[in-house]
Amino acid sequence: METLQQKLDRVLREEVAVVPYDTRWPDLFRREKEHLLTSFPPCLLRRVEHFGSTAVPGLAAKPIIDVLAEVTNLSETRAVIAPVLEAQGYDYFWRPTSGDDGPPFYAWFIRRDPHTRVRTHHIHMVEPQFQQHWDRLLFRDYLIAYPHVAQQYQALKLRLAAVHPHDRVRYTQEKAAFVSAATEQACRLFGGREA
């Protein structure tokens with residue numbers, strides 16, 4: 001059986017591939033949202049949002065649908081949701097929000113194609129007060145509203161994917177400054193943060 005460290009090492013070395021926008025991405029999100037909402041009670045799983053580059057029409061992205069799901073209780077998520085999704089073949093991680101090991105933690109799932117085992121979805125389950133996660137919706141909305149910024153982000157992602165094709169950590173770290181600056185601009189322009 002695979003240890004947690006072996007599992008982490010495996011998923012962090014998987015290919016970073018940025019591909020042209022695919023018009024099927026919104027439907028893939030919609031289907032995953034329906035699956036989640038029909039699998040778990042509304043007293044535990046509430047809001048489900050599409051974020052990340054696949055949520056921005058026309059933007060090249062890693063072909064992985066990012067899903068942000070509001071849960072009412074992370075302890076219950078670990079006890080109820082995680083076992084169900086793991087039984088359905090999702091990879092599950094209890095993951096720190098920032099840094100390597102510190103709280104706050106959240107539930108993160110990777111859904112894979114059952115035949116190819118290629119990643120298809122990332123599901124981030126957080127409580128409503130996890131502002132850093134909910135700010136990702138502001139970043140999404142900012143890229144949609146300002147296509148020239150989205151194109152700058154696309155160019156950065158293409159360059160980083162070429163430089164770090166099997167290093168997901170470095171790829172993410174090196175685009176963090178762009179994401180942070182754009183999110184702060186979105187907060188100023190859109191008049192606040194979502195939650």
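Biologist: Before we start, what makes two aromatic rings a pair here?

Modeller: Rings of Phe, Tyr and Trp pair if their centres lie within 6.5 Å. Keep in mind that this is a predicted model.

Biologist: Thanks! How many aromatic pairs does a search of the whole structure find?

Modeller: It finds seven aromatic pairs. One of them is Phe139 with Tyr153, an edge-to-face pair with 5.2 Å centre to centre and 90 degrees between the planes.

Biologist: And where do Phe139 and Tyr153 sit in the chain?

Modeller: Phe139 is in helix α4 (residues 131–145) and Tyr153 is in helix α5 (residues 147–163). The two are 14 residues apart, and the pair links distant parts of the chain.

Biologist: Is Tyr153 buried or exposed?

Modeller: Tyr153 is buried, at a relative accessible area of 4%. Phe139 is buried too, at 9%.

Biologist: OK, why is the pair of Tyr153 and Phe178 called stacked?

Modeller: Their planes are at 15 degrees, with the ring centres 5.3 Å apart, so this pair counts as stacked; the cut-off for stacking is under 30 degrees. Phe178 lies in helix α6 (residues 168–190) and Tyr153 in helix α5, so the pair ties together parts 25 residues apart in sequence.

Biologist: Switching topic: which residue lies over the face of Trp94?

Modeller: That's Arg78, at 4.0 Å from the ring centre of Trp94.

Methods. Residues numbered from 1 in each chain as written. Predicted model: local features only at pLDDT ≥ 70, side-chain atom pairs only at ≥ 80, totals over all residues. Heavy atoms only, no water. Phe/Tyr/Trp six-rings, centres within 6.5 Å; stacked < 30°, edge-to-face > 60°. Helix = DSSP H or I, 4+ residues; strand = E, 2+ residues; numbered from the N terminus. Buried < 20%, exposed > 50% of the residue type's maximum accessible area, 1.4 Å probe, protein only. Lys NZ or Arg CZ within 6 Å of the ring centre and 35° of its normal.
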